[in-house]
Amino acid sequence: MPVYEYHCKPCDGVFEAIHPIAKASDPAPCPVCKKKAQRMPPSSFAAFTMRDGYPRSIPDRGTYWHLEKEVKRPVTGSVKMNEHPEINKPEPRRQKSKGEREIIGERKRLEAKESARARKDGMPEIIDRTKRSDDD
Ligand SMILES: [Zn+2]
């Protein structure tokens with residue numbers, strides 16, 4: 001059975017309840033005051049009592065709603081439009097593969113060997129300006 005969202009007028013809050021599809025439009029008892037609450041059309045979401053600008057949920061878990069998803073905190077700081085850090089997780093930084101790390105390690109060993117030999121021969125140290133910064 002699907003989960004629907006209901007709005008309790010006396011409590012002025014939103015809660016979720018499982019209802020059979022056939023009874024989707026029927027009211028559901030509020031978990032707080034037990035009075036019948038009307039199902040919330042998704043489009044009416046923004047019309048509800050707000051906590052810091054977000055509809056509050058009942059039972060009041062101190063949570064917020066973000067695009068019909070429950071989150072612990074309202075959006076703060078800089079996030080993309082319509083995204084929330086708890087829902088839209090930032091992509092983890094790609095780890096270098098073992099092969100890539102071995103290549104980088106080998107290149108560094110060769111560079112060290114090369115500059116050691118250059119110093120021994122009394123030559124100025126080679127400064128590789130073509131080295132890419134992301135190899136470090
Ligand atoms: Zn209620």
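What percentage of the chain's 136 residues count as buried? Keep that in mind while you look around this predicted model: the answer is 11%.

**Stop 1: the whole chain.** Colour everything by secondary structure.

**Stop 2: a sheet.** Now select strands E1 to E4. They make an open sheet of 4 strands, and the pairing is antiparallel. Read across the sheet and the order is E2-E1-E4-E3. Look at the edges next: E2 (13-18) and E3 (28-29) each have a single partner strand, so one side of each has no neighbour in the sheet.

Stop 3: Select residues 3-8, which form E1, along with residues 36-39, which form E4. These two strands run antiparallel and are joined by 2 bridges. Zoom in on histidine 7, and opposite it you'll see glutamine 38 in E4.

**Stop 4: the core.** Which residues make up the largest nonpolar core? Select Tyr6, Cys8, Val14, Phe15, Ala28, Cys30 and Ala37, and you have the 7 of them. Strands E1 and E2 each give this core at least two residues. As a bit of background, nonpolar side chains in soluble globular proteins tend to be buried together.

Stop 5: Zoom out and think about contacts along the chain. Take those with a separation of 6 or more: 33% of them come from residues 24 or more positions apart.

Notes
Residues numbered from 1 in each chain as written. Predicted model: local features only at pLDDT ≥ 70, side-chain atom pairs only at ≥ 80, totals over all residues. Pairing = 2+ DSSP bridges. Buried ≥ 20, exposed ≤ 12 C-beta atoms within 10 Å, placed from the backbone. Contact = placed C-beta atoms within 7 Å. Core = buried A, V, L, I, M, F, W, Y, C linked by C-beta atoms within 7 Å.
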